[in-house]
Amino acid sequence: MNEVCHLSSGSIRLRNDDPALPAIGSTLPQTSLSGGNGTDMADATLLDQWAHVRARLQAEVGDVEYRTWLRQMAFGAMDGDEVTLLLPSRFLRDWVRNHYGEKILTLWQAQNPTVRRVDIRVGLGREGLAESLSAQASPTPVPPQEAQQNAMPSTPARPSFPTAGPRSAEELSAPLDPRFTFDSFVVGKPNEFAYACARRVAEHPASQGFNPLFLYGGVGLGKTHLMHAIGLELGRGQTRHSTVAYMSAEKFMYRFIAAIRSQQTLEFKDHLRSVDVLMIDDLQFLIGKDNTQEEFFHTFNALVDAGKQIVVSADKSPSDLSGLEDRLRTRLGCGMVADLHATTFELRFSILQAKATRASADVPSKVLEFLAHKITSNVRELEGSLNRLIAHAHLFSRPITLETTQELLHDILKAHDRRVTIDEIQRRVAEHYNLRVTDMSSARRARAVARPRQVAMYLAKQLTARSLPEIGKKFGNRDHTTVMHACSRITELMEKDGGFAEDVDLLKRMLES
Ligand code: ADP
Ligand code: MG
């Protein structure tokens, strides 16, 4: 057996500057980063190996985990037998070290047997640089040589920068999922308004009062589905000659940066301005990406002025999308703003029914009812659960019953039953900021204590059903106005400081998982 398999989960973190950790044993000699042979090993081979490690990692941990924790990891350097990988925050670094450290080391060794250690540190790699570059992207073309230096290793998780701009409007658009039609969209109270607006736009693009159409709502409530439905509908009947471009805001940004790099900005602009309908999904992604926002704003104006239709989706209403430029927010709110509300039991039940019928699966009503009661978070998860049941029934030629459902969906149902407690939040937050749990309810007002305490209050409000006074009581009998203040302060700080927001978001995800 490879010696790596014997390493404890803490071994990956072992460094001279981390005396709290147990010794790793004599098999792995320690070399400091700066003490290596100094050769620049960040060559094509290493980047290639890194690309393989990433791809394997993604395949092993799955897309969701990969995107949550690992996507931002970048290659730093190789010195002697040690590889340095970089992550943008302390929190991510600790999480990845503890949960994926060993796996990463094993994967590296499979690519390169000389690697004996992986050090995960806080820092920006080339990709991080590329990202900050994209946030700052100047509209002036980047000299080719510089573009070369910033080139990223191609990885499966991140769209690579194409070298040339798209040649036609079709190429500009991401493909539309043929399943996401108006017919397959189940209409109920929470989404009927958004549905009606989308239909209207598909039938009469750019009509007065509906341009732009701004769809917003939480994850998995059908925004993307409706946008695809608009695109698919426009491809039929009288409107079939309209050119429709649909893309995520992220893709928009990558295209834009790619155009700058390959000095094809004008071409890119022309392409965008030549479409009849432009749809941008998940606009919240552009927050903080000022130059891309600006480009989008100009495209937006040019298209609307030319009588073309714009459809945009986001997770919040225009007025709540703070961080977007004011003038853009104002314009986005000028047409029709329609929200998709959280689903009701009735809607969830109808969606399940429709999906079961479509799959010609015989699922008892009792099971559909059970699922609609239990899985309330989003339609995607509901759909996934149903698919699992159907696949299992097919595979084993067994009928679907309430018992098999509970058995098969055990993990999902458990997650939904799970309730985070305030005690747990306090414990995790204290741990994260190196404080004692008692600091959460103490009277200490030093910022190093008060800020984490505010984070914990904010998370308690977000993740539990407790009222403000109840939360205040748990934090050393504080007044409900203190909790309220903490919540708005943290929200404000998160909007201003991306690093802080990421920390809080990750804490939240950790508590939810
Ligand atoms: P969002 O873009 O809002 O995050 P999506 O449009 O991707 O959500 O929807 C998630 C999944 O749920 C998709 O597979 C979509 O088809 C399905 N879905 C959401 N709402 C409905 C609905 N009302 N009827 C049928 N399917 C739906
Ligand atoms: Mg979506």
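Let's start with Arg-436. At 52% relative accessibility, Arg-436 counts as exposed, because the cut-off for exposed is over 50%. Its salt-bridge partner is Asp-439, and the closest N and O atoms are 3.3 Å apart. Asp-439 is buried, with a relative accessible area of 3%. Keep in mind that this is a predicted model.

Why can such pairs form? Side chains of opposite charge can pair when their charged atoms come close. The count here comes to 25 salt bridges. Some share partners: Arg-56, Glu-60 and Lys-103 are joined into one network that way.

Next pair. Glu-82 bridges to Arg-117, with 3.5 Å between the closest N and O atoms. Glu-82 sits in strand β2 and Arg-117 in strand β3, so the pair ties together parts 35 residues apart in sequence. Buried or exposed? Glu-82 is buried, at 1% relative accessibility. Arg-117 is buried too, at 7%.

Now Lys-355 and Glu-383. Their closest N and O atoms are 2.6 Å apart. Lys-355 is partly exposed, at 23%. Glu-383 is partly exposed as well, at 26%.

Glu-383 also takes us to ligand 1. A side-chain N or O atom of Glu-383 lies 2.7 Å from an oxygen atom of the ligand. For Arg-380, a polar side-chain atom is 2.8 Å from a ligand oxygen. Gly-220 uses a backbone N or O atom, at 2.7 Å.

Definitions and conventions: Residues numbered from 1 in each chain as written. Chains lettered and ligands numbered in written order. Predicted model: local features only at pLDDT ≥ 70, side-chain atom pairs only at ≥ 80, totals over all residues. Heavy atoms only, no water. Polar contact = N/O pair within 3.5 Å; in protein donor to acceptor, adjacent residues only side chain to side chain. Salt bridge = Lys/Arg side-chain N within 4 Å of Asp/Glu carboxyl O. Helix = DSSP H or I, 4+ residues; strand = E, 2+ residues; numbered from the N terminus. Buried < 20%, exposed > 50% of the residue type's maximum accessible area, 1.4 Å probe, protein only.
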